[in-house]
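I opened this notebook to record what I looked up in one model.

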Amino acid sequence: MSQNTPTPRYDANWTTDALDLDNLDYGMQTLAVRAGQHRSDEGEHSEALYMTSSFVYADAADAAAHFAGEVKGNIYARFTNPSVRTFERRLAALEGGERCVATSSGMAAILTLCMAYLKAGDHLLAAKQLFGSSMSLFNNYLVKFGVTVTYVDVTNHAAWQAAIRDNTKLLYVESPSNPLAQIADIAFLSQLAHAHGALLAVDNCFATPALQQPLKFGADIVVHSATKYIDGQGRALGGALIGNADLLQEAHLFVRTAGPSMSPFHAWLFTKGLETLKLRMLAHSDNAMQVAQFLSNHPKVLTVHHAGLPDHPAYKLCKKQQLAPAAIVGFEVVNGRTGAWQVIDNTHMLSITGNLGDAKTTITHPATTTHARLTPEARADAGVTEGLIRLSVGLEDAKDIIADLARGLDTL
Ligand SMILES: *Cc1c(COP(=O)(O)O)cnc(C)c1O
């Protein structure tokens, strides 16, 4: 079948695309631009947006065969939708995974992970350095269903070894972590998990597959908030899980039953986001490196947390796992909360918002926003001090980002 031959509507091979048919070893940027596209019989060049919740059949027998699972095909958009499937196939290709299950948000992906792979009596072992809502989900909801949760420092290998139990079913980390850019040793955690019959899930939101592919280091499941860099422009909520096909079937069954499914419109935005993901991530990283260097030399800055700086404890590990150090920069200023707020309030251009992974640089005071709902002890464990500021370095000119930060810092 040539690339321009539309696939017949009722073809049982509905999951194939032109790249599969060639069966070649395509590079990441080719996959980012072309993987997963399924042309309709209109022959459209750009990926179509299928805003439809249901699907029609050739005849009654065909409908029955679809519902019986004898014929593969779309039934209802809570289960599958062609625009969502294109996004899933493209992201799976980029992560080097067999299958992706898209969800309505990053948190919906993490909920799906919990519902699909944990049950009452199981133990979840997670890093202390996690996105605030991930911790709240585990602490306030997961425990209601009889799952116990323990947190350990992401970089303390002995603590992971000591905390794993016979009933530990899932290890959960973010790498790099928010907001201190701590790096999880994925190969170590994968060996530990597998030696105890547990799974390792890695939230790859900050590095994205453009910079890091956790499955290659032994992770079983990759977690994404597509809301961040995959969209990259702050427009839509979405999430995903990626892993091998059999494992991900459990996640698919939960999503099709419970309904945290991705909107086709969002999938279409994210699919186009993936095309430029690597170009954007390299540019984000480059800007972040310049900003981190500027901050390290500023007299009012006490510490800079960025794994691209040679004195960061995870500099070497970051180099091993990531193509570039990514673009979240945490830094501590003098005078605690007063100092941090003063810096933030004296910038003119940077967006004061809790969001990250946007083309626009964002500046956040984690202790009073993203991490405000944690207990003081949990905040301290996560390294979130009163003087800490988090930047998600965007795609403006680095000199302008630096000049704006200088405006704030020079008032201290
Ligand atoms: C934002 C975020 C999430 C949650 O994603 P949503 O799309 O906001 O639900 C999970 N993990 C990390 C690291 C995040 O930054």
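**Basis.** I worked from a predicted model, in which local features need pLDDT of at least 70, side-chain atom pairs count only at pLDDT 80 or more, and totals for chains, interfaces and linings use all residues. Residues are numbered from 1 along each chain as its sequence is written, and side-chain values use heavy atoms, with hydrogens and water left out.

**Terms.** I took helices (H or I, at least four residues) and strands (E, at least two) as DSSP runs, numbered from the N terminus. I called two strands paired if DSSP finds at least two bridges between them. Buried stands for under 20% relative accessible area, exposed for over 50%, and partly exposed for what lies in between (1.4 Å probe, protein chains only).

**Entry 1: the sheet.** I looked up the strand order and found an open sheet of five strands, E8-E9-E12-E11-E10, with mixed pairing. Strand E8 (301-305) and strand E10 (351-352) stand at the edges; each has a single partner strand, so one side of each is left without a neighbour in the sheet. I then followed E8 to strand E9 (residues 328-333), with which E8 pairs in the antiparallel sense over four bridges. In this pair, Val-301 stands opposite Val-333 in E9.

**Entry 2: helix H8.** Which residues of helix H8 (residues 186-195) are buried? I noted Ile-186, Phe-188, Leu-189, Ser-190, Leu-192 and Ala-193. These buried residues pack against helix H7 (157-163), strand E4 (168-174), strand E5 (199-203) and helix H13 (315-321); contact here means heavy atoms within 4.5 Å. Just after H8, I found Gly-197 with a positive phi of about 70 degrees.

**Entry 3: the loop between E4 and H8.** I checked the peptide bonds next. Ser-175 and Pro-176 are joined by a cis peptide bond, with omega about -5 degrees, and Pro-176 is placed in this loop between E4 and H8. The bond from Asn-178 to Pro-179 is also cis, with omega near 0 degrees, and Pro-179 is found in the loop between E4 and H8. Ala-181 lies in that loop too; its phi is near 55 degrees, a positive value in a residue other than glycine. Is Ala-181 buried or exposed? I recorded Ala-181 as buried, because its relative accessibility is 5%.

**Entry 4: Asn-335.** I located Asn-335 in the loop between E9 and helix H14 (336-345). Asn-335 has a positive phi of about 70 degrees although it is not a glycine. Its relative accessibility is 54%, so Asn-335 counts as exposed.
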